[in-house]
Amino acid sequence: MTYLKSRRFIGAAFTAITMLSITRTITSNGDLTSTVTIAQALVFASPIALAGLAGIWAERAGVINIGLEGMMILGTFGAGWAGWQWGAWAGVLAGIVFGAIGGLLLAVATVTFGVDQIIAGTAINLLALGTTKFLAILLFTNAPGGGQAQSPPIKGEIPVFTVDSIVTPLSALHEEGIFFVSDLAGLVAGLFYNMSLLTIITVLLFVMTGYVLWKTAIGLRLRSAGENPWAADSLGVKVVQYKYAAVVFSGMLAGLGGAYLSIASTIYRNGNTAGRGYIGLATMIFGDWRPGGTAAGAMMFGYIDTLRLIDSGNQNVKGLILLGAIILLAIGAWMLRSAKRNAAIGFLLLASVMVGAYFSATSFPPEVAQVAPYITTLLVLATASQNLRPPAADGVPYRKGEDH
Amino acid sequence: MNLRRIGTSLIAPAIGLAVSIGATALILIAIGANVITIFSSMWTYGTSPRAMTLMLNLATVYFLSALAVSIGFKMNLFNIGVNGQYILGSLAAAVVASNLQLPKVISITLTILTAMFVGAAWAGIAAWLKVARGVSEVISTIMLNFIAIGIISYLIVRTSIGTETSVNIRGTKLIPESGMLRGSAFIDPGTKVYGFFIISIFVGIAYWFLLNRTRFGFDLRATGKSATAARTSGVQSTRMIVTAMLLSGAIAGLVGLPYLLGQTGSYNLQFPTEWGFIGIAIALLGRNNPLGIAVGAIFVAFLDVSSGQLVLEGVPREISTIMQGLIVIVVVISYEVVRRNQVKSEQRNVAKALAKQEVSA
């Protein structure tokens, strides 16, 4: 099982690098796999990944968490408020605590009172937005370096590592432009360049989640609360307690994601989350309610965002279009084999349109890259939703002793 | 009996209101403000003619947004995509209206139809994804919101649809006066109540009629109550989902029009993009009933408008957003508590009746 899994992972990584490499070679745009791009993509991806992970915890216990956005907002605020006064680590802690408060509120509303989870989540988003804007005006307006909509700079910083002995030679190798080898070098070097301790913590949280939820008794009980709480209850699982714990922990993770954002931009700013909570939710669905797929989805958002924002020569978006076309071609070809003809033809058609666009236009507007991750998510959902398997009792209110 | 039902359905909003006002008062005390001064200044300003006009205008927008959401709610569909549907609808309407030189009635009709069509089409994508591909409308409409923002930013910044309407603000060409619906200043001499106010009342009536007096409305509500029961009685649930989603999108398309035709005359990048979310809250407060929604919309608009005055008292106006969030959460919780109590008392009554029967037998 583990052997199969690691083989699949290596296969997927190999395919991904090959596709990136082909695109990089055709476009001769080194940015696509450069050290800086990968390092920055990790920074952009981490908060989204944390939101997605937060979604996994709540929904695996059967509670849909639309309030992720609100909990993230609370996290950004907590980090700005505490970080400005007591340093970055205090900021991280406060972000987690503030997020947990949001989670607790959702748990009270949905688990204790059984109200509609989407509505409760929406209310929390509204509440978090109002509260943080309100407090920002009260607490930051007269603070030195602060303003009505932003906190003073966060004091101190979270350690960031660069391993020069790895980055320098690998970056040099990346400059060589050798097929596959240079791209792999750029990707690996990206992992050792400006690597924040918070990113490492994020990765560890993903590993921890995979382990706890799928390999321990606690995880089994938690997931049983999301699959069939009535059966779980009959076996003696304290469903309500598990749901509470899961949703509060979900809030903590979302809060950490928010704190990450504030730390990365060194201040709290109104609207800094910019819908990343919702995007995290999308990556969770994209990843079939599992950590691996969620991380991949978050990485896609982070990667596309990075290329869009560092696009100096206006060529990155063009490269992305080609990359997308190549990926679609591969999926289309694979689907032809597995007899999903209609979807396959659709993909191949779309891919050829994109290839045509790539060769006929000199550059593309950045808005294409702006919407690309959302369109990708929709495409994935449209083609794979039959294969996705959300927890069976996701979103269903549960009350001990009451039938559904 | 009926009176009692009305009574119980009012309990929850009343509790919600009381609790949230109480909580707001606590927040105000905590920050050292004088609660009585603040509430009375909100009331004094909020009931002034100018504020009443602004309130009606905002309520018109909220009302339409909540209607759009609530038609989905009736079917257990969550249209989180009202934002995307109305910004695209408003943009399309602005483009069409700015190119028309026709008599007012025709011009406005065309503008409205455009907005409804575009809103419905955008919602239609989510509907198709749901019925044909099994994608939850919650997540697809959220994605579509982000895509809509991208499309609009592209069209306005990079194509000839956008021009420099005022300094450093790009937007669509100004709509000629013949295409505007500015309304009349019948409350405050200085500010006009949007012309769309009247139209939104008609939309509300049409909504009520459609849902409560037509076969379609019956099927819709039946499917929402129990999809399986509706299916057994011959209702095609996929068709109902598509129709409900399209209708919701069509109404959503109208949300930006009161402001577009009554105020700006141009869709620019400063056009509000978040009116859809408040619609969710108001649809809840109004329990998906057009009259309830109207009251909810006016109330929330009152909070929004009158809180603008609070800056003078040193209190951030965001207190109104906090209040709205609190109201929603407390109201849904109290609905649930009231419902549970009702179920309990019904069970008790049944048990009592049964016990009596047994005794007499």
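## Exercises on a predicted two-chain model

In this predicted model, Asp288(A) sits in the loop that joins H12 and H13 of chain A.

**Exercise 1.** Carry out the corresponding analysis for Asn76(B), stating where Asn76(B) is found.

*Solution.* Asn76(B) lies in the loop between helix H3 (49-73) and helix H4 (82-98) of chain B. Although Asn76(B) is not a glycine, its phi is positive, at about 60 degrees. Because 13 C-beta neighbours fall inside 10 Å, Asn76(B) counts as partly exposed.

**Exercise 2.** Describe how helix H13 and helix H14 of chain A meet.

*Solution.* Take the axes to start with: those of H13 (residues 291-309) and H14 (residues 316-337) of chain A come within 8 Å and cross at roughly 145 degrees. Then name the residues, which are Ile304(A), Leu307(A) and Arg308(A) from H13(A), together with Asn316(A), Val317(A) and Leu320(A) from H14(A). Sorted by class, this contact of H13(A) with H14(A) has four nonpolar, one polar and one charged residues.

**Exercise 3.** Work out which helix supplies the largest share of the side of chain A that touches chain B.

*Solution.* Across the two chains, 36 residues of chain A are in contact with 35 residues of chain B. Helices H5 (117-140), H12 (276-286) and H16 (366-384) of chain A each supply at least two residues of that side of chain A, and the largest share, 14 residues, comes from H5(A).

Definitions and conventions
Residues are numbered from 1 along each chain as its sequence is written. Chains are lettered from A and ligands numbered from 1 in the order in which they are written. This is a predicted model: local features need pLDDT of at least 70, side-chain atom pairs count only at pLDDT 80 or more; totals for chains, interfaces and linings use all residues. Two residues are in contact if their C-beta atoms, placed from the backbone, lie within 7 Å. Helices (H or I, at least four residues) and strands (E, at least two) are DSSP runs, numbered from the N terminus. Axes are lines fitted to C-alpha atoms, for helices over the stretch in contact, and angles run from 0 to 180 degrees between N-to-C directions. Ala, Val, Leu, Ile, Met, Phe, Trp, Tyr, Cys and Pro count as nonpolar, Asp, Glu, Lys and Arg as charged, and the others, Gly among them, as polar. A residue is buried if 20 or more other C-beta atoms lie within 10 Å of its own, exposed if 12 or fewer, and partly exposed in between; C-beta atoms are placed from the backbone.
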